[in-house]
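Student: I would like to go through a structure with you, one question at a time. Could you show it to me first?

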Amino acid sequence: MITETLTWLTDPINVTGPTGWLQLIGQHLMYTIITLAIAAAIALPIGLYVGHTGRLRSAAVLATGLTRALPTLGLLTLFALLAGIGLVAPVIALVVLAVPSILAGAYSGLESVPRSTIDGARAQGMTEMQILTQVEVPLGIELIIGGLRSAFMQVLATAMLAAYVGNGGLGKLIFLGMKTEDYPVMLAGSLLVIVLAILCDVILALVQRAARPKGIARTA
Amino acid sequence: MISFDNVTKEYPDGTVAVREFSHRIDSRTACAFVGTSGSGKTTLLRMVNRMVDPTSGSVLVDGEDVAAMDPVKLRRRIGYVMQASGLLPHRTVQHNIATVLLLNGMDRRQARSRALEMMELVGLDTSLAERYPAQLSGGQQQRVGVARALAPDPNILLMDEPFGAVDPIVRRELQHEMTRIQSELAKTIIFVTHDIDEAMLIGDSVVLLRTGGQIAQAGPPEELLTNPADAFTADFVGGGSHERELTAKTVNGRTLLFDADGKPAGVLRG
């Protein structure tokens with residue numbers, strides 16, 4: 001089966017064709033990035049607000065825990081029933097999946113900044129916005145990006161389900177292979193998403209490391 | 001001039017940090033607030049730059065009520081040095097010192113050269129300018145803290161146990177450096193400490209506080225030593241327990257002074 005899979009993967013038609021796997025990877029990444037952009041637009045401001053002010057913290061923790069407990073497949077089916085076939089349902093379901101990690105990363109990033117550093121910055125006459133942008137975000141950036149990174153990985157893995165409601169992405173190979181009992185194609189789909197995930201994670205880890213401010217003791 | 005006018009700080013849980021405290025600190029003098037923890041000395045200090053707002057009463061700087069001022073602007077014109085230095089760990093020494101200058105809109109080049117001047121003033125080698133705080137010793141970090149506070153040339157300097165976390169030898173060095181800087185710059189200083197020796201060294205006047213910001217005694221250091229108001233003061237300054245009493249004895253034709261334990265403390269100059 002491995003050889004069949006490799007043959008399938010290397011057949012030019014399956015690589016660059018209109019439904020070739022390069023195309024599917026492109027779609028897959030696009031879904032992931034759209035989802036992440038929407039989730040970040042929602043979760044980052046809230047997370048930064050909670051982390052900076054300390055207000056609504058228990059509400060944020062509770063909301064994070066609750067949304068984490070929601071099964072994405074269930075949500076997807078529900079939204080697909082409401083919104084119909086298309087991109088809307090999977091994107092909403094994936095946003096729900098991504099928000100908790102980003103939110104938790106943002107507020108715990110800010111909480112990791114020593115209180116005395118913030119107190120000193122405030123006593124020097126920084127405005128609250130300056131404290132946020134010049135002190136808290138730069139010092140908490142590793143955890144903030146860490147939240148985005150784990151959200152990215154979760155969405156990338158779960159975006160396979162987009163194909164379940166008639167969209168593309170690498171999940172298409174799995175569902176196609178399942179329907180036609182074509183296991184080499186299924187295997188090709190899983191291999192591709194695994195390689196893609198590892199590559200993305202490595203890249204994001206490098207981004208995270210590069211963002212670490214100078215002068216901070218290396219922790220990892 | 002800084003005046004505390006009947007200030008009280010009560011927290012929502014009912015704890016009273018300071019009750020009806022009044023005191024005046026003349027311009028260009030250093031006043032040391034000394035007391036044990038819970039005496040409200042840091043709370044009082046932080047009322048001056050509105051890091052704490054009093055529940056009642058008012059704090060006046062040169063006759064103006066700070067409550068009517070914008071806290072951010074107020075803080076930018078008052079130097080603040082804290083115990084843990086409070087430096088920004090992701091910024092170089094030079095950048096840290098220039099913080100307030102840059103906040104006030106000074107251009108980068110000017111702020112940088114001012115920062116280097118400040119390093120010299122506080123006795124820091126300018127070769128350390130590009131280091132990060134974590135690469136400095138505790139004493140050096142405190143010097144950076146002092147340089148940062150002095151950079152915008154504020155009239156008022158608030159110092160919250162600035163030398164509390166460094167070892168005794170470095171602390172003495174910093175204390176003497178501080179008296180030298182003060183004799184050059186003559187700022188209005190409030191210096192908070194729990195160390196009576198430090199208070200008497202730095203302060204032109206000393207305010208000795210009991211729990212809740214109650215003044216046990218206030219006055220020049222020599223007055224606290226020679227004329228303690230009560231047993232609390234006497235005990236705190238050490239006069240009552242004979243700790244500060246020296247005995248003179250002539251040895252080899254010179255007058256030596258011995259402390260309470262009989263150890264030689266110094267030579268008397270005639």
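Student: Which residue's side chain meets that of Arg149(A) in a salt bridge?

Tutor: This is a predicted model, where local features need pLDDT of at least 70, side-chain atom pairs count only at pLDDT 80 or more, and totals for chains, interfaces and linings use all residues. Residues are numbered from 1 along each chain as its sequence is written, chains are lettered from A and ligands numbered from 1 in the order in which they are written, and side-chain values use heavy atoms, with hydrogens and water left out. A salt bridge here is a side-chain nitrogen of Lys or Arg within 4 Å of a carboxyl oxygen of Asp or Glu. At 2.8 Å, N to O, the partner of Arg149(A) is Asp201(A).

Student: How many residues apart are Arg149(A) and Asp201(A), and in which helices do they lie?

Tutor: Helices (H or I, at least four residues) and strands (E, at least two) are DSSP runs, numbered from the N terminus. The pair links distant parts of the chain, 52 residues apart. Arg149(A) is in α8 of chain A, and Asp201(A) is in α10 (residues 183-211).

Student: Is Asp201(A) buried, partly exposed or exposed, and why?

Tutor: Buried means under 20% relative accessible area, exposed over 50%, and partly exposed in between (1.4 Å probe, protein chains only). Arg149(A), at 23%, is partly exposed. Asp201(A) has a relative accessible area of 26%, so the class is partly exposed.

Student: What pattern does chain A follow along its sequence?

Tutor: Chain A has 10 helices and 0 strands. Its C-alpha trace spans about 65 × 40 × 25 Å along the principal axes, and 47% of its 220 residues count as buried. Read along the sequence, the pattern is α-α-α-α-α-α-α-α-α-α.

Student: Which residues make the nonpolar surface patch of about 390 Å²?

Tutor: Patches are made of residues with over 30% relative accessible area and no salt bridge, with like charges joined within 9 Å and nonpolar side chains (Val, Leu, Ile, Met, Phe, Trp, Tyr) within 5 Å. Ile38(A) lies in helix α3 (residues 21-53) and is partly exposed at 36%; Ile34(A) lies in helix α3 too and is partly exposed at 32%. The patch is made by Met30(A), Ile34(A), Ile38(A), Ile42(A) and Ile46(A).

Student: Which element gives the most to the lining of the largest pocket?

Tutor: On a 1 Å grid over the protein atoms alone, a cavity is a set of points where a 1.4 Å probe fits but cannot get out, and a pocket is an open set with protein on both sides within 12 Å along at least five of seven lines; lining residues have an atom within 4 Å of a point. About 350 Å³ of space lies in the largest pocket, and among the residues closest to its centre are Ser112(A) and Pro89(B). Both α7 (115-123) and α8 (128-158) of chain A supply at least two lining residues. With 6 residues, the most comes from α8(A).

Student: How many residues does α7(B) give to the lining of the largest cavity?

Tutor: The structure holds 3 cavities of 30 Å³ or more, and the largest has a volume of about 50 Å³. Elements giving two or more residues to its lining are α6 (138-150) and α7 (168-185) of chain B. The largest share comes from α7(B), with 4 residues.

Student: Which residues are linked with Arg180(B) in a network of salt bridges?

Tutor: Side chains of opposite charge can pair when their charged atoms come close. Arg180(B) and Glu184(B) meet at 2.8 Å, N to O, and both lie in helix α7 of chain B, 4 residues apart, about one turn of the helix. In the network, Arg180(B) is linked with Arg143(B), Glu173(B), Glu177(B) and Glu184(B).

Student: What is the phi of Asn252(B)?

Tutor: Most residues other than glycine have a negative phi. Asn252(B) is in the loop between β11 (247-251) and β12 (254-258) of chain B, and is exposed at 78%. Although Asn252(B) is not a glycine, its phi is positive, about 50 degrees.

Conventions: Accessible areas come from the Shrake-Rupley method with a 1.4 Å probe; for residues, only the protein chains shown count as cover. Grid points are joined across faces, edges and corners, and a volume is the space filled by probe spheres set on the points.
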